[in-house]
Amino acid sequence: MSQPDIQFLQDFSDALNRHDIDAAMSMMTDDCEFHAVGGPDLLGKSFIGKEAVRAGLSAAWQNATDAQWVDAVHSVIGDRGYTESTYCGTTADGMRSEARMIDAFTFRDGKIAVKNAFRKQRPAVPVKGA
């Protein structure tokens with residue numbers, strides 16, 4: 001099985017930006033892990049296994065229906081990959097978040113085994129007219 005490359009990470013980013021959970025999950029191992037940007041533990045909130053990761057990734061779209069990760073720059077080094085992007089999203093209460101972030105990936109068997117997200121801590125701002 002071929003090792004993921006920059007195009008693979010772009011395809012994964014595109015799936016997230018389309019809010020296409022099935023496409024995103026097809027690129028992850030059955031025992032995948034997602035460590036969110038925030039949460040109670042050292043790694044934030046951890047989601048382990050496909051169903052838990054599906055729920056964790058989908059939560060971003062539920063919390064901000066316009067969630068996007070733009071201006072992506074991808075790198076792959078062996079069994080590791082990195083995507084730097086700008087997260088943009090507006091919550092139901094009209095608060096807008098925009099901050100640079102990075103996803104650190106671990107690959108196994110041609111798929112993503114671990115997605116570990118890190119984001120600059122920046123206060124949300126009210127959307128004008130909201």
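Modeller: Both F8 and F107 are buried. Keep in mind that this is a predicted model.

Biologist: What makes F34 and F47 a stacked pair?

Modeller: Two values settle that label. Ring centres must lie within 6.5 Å, and planes under 30 degrees apart count as stacked. The centres of F34 and F47 are 5.6 Å apart and their planes are at 15°, so the pair is stacked. The pair links distant parts of the chain, with F34 in strand β1 and F47 in strand β2, 13 residues apart.

Biologist: Why is F34 called buried?

Modeller: Buried means under 20% relative accessible area. F34 has 8%, so F34 is buried. F47 has 14%, so F47 is buried too.

Biologist: What sits over the ring of F47?

Modeller: The charged end of K45, 5.1 Å from the ring centre. The distance limit for that label is 6 Å, and the charged atom must also be within 35 degrees of the ring normal. The charged end of R119 is likewise placed over the ring of Y87, 4.5 Å from its centre.

Biologist: How many aromatic pairs does the structure hold?

Modeller: There are 5 aromatic pairs. One of them joins F8 and F107, with 6.2 Å between centres and 90° between the planes. Planes over 60 degrees apart count as edge-to-face, and F8 and F107 form an edge-to-face pair. F8 is in helix α1 and F107 in strand β5, 99 residues apart. Ring pairs also link F8, F12, F105 and F107 into a cluster.

Biologist: Which residues have the most contacts inside the largest nonpolar core?

Modeller: F12, M28 and V53, in a core of 27 residues. Helix α1 gives the most to this core, with 5 residues. Nonpolar side chains tend to be buried together in soluble globular proteins.

Biologist: What does M28 touch?

Modeller: Leaving out residues up to four places away in sequence, M28 touches F12, E33, K50, V53, L57, K111, I112 and K115.

Biologist: Which residues lie nearest the centre of the largest pocket?

Modeller: V37, A60, W69, Y87 and R119, out of 29 lining residues. The volume of the largest pocket is about 540 Å³. Strand β5 gives the most to the lining, with 6 residues. The elements that give two or more residues are α3, β4, β5 and β6.

Technical notes: Residues numbered from 1 in each chain as written. Predicted model: local features only at pLDDT ≥ 70, side-chain atom pairs only at ≥ 80, totals over all residues. Heavy atoms only, no water. Phe/Tyr/Trp six-rings, centres within 6.5 Å; stacked < 30°, edge-to-face > 60°. Helix = DSSP H or I, 4+ residues; strand = E, 2+ residues; numbered from the N terminus. Buried < 20%, exposed > 50% of the residue type's maximum accessible area, 1.4 Å probe, protein only. Core = buried A, V, L, I, M, F, W, Y, C linked by side-chain atoms within 4.5 Å. Contact = heavy atoms within 4.5 Å. 1 Å grid on protein atoms, 1.4 Å probe; cavity = no way out; pocket = protein on both sides within 12 Å on 5 of 7 lines; lining within 4 Å. Points joined across faces, edges and corners; volume = space filled by probe spheres on them.
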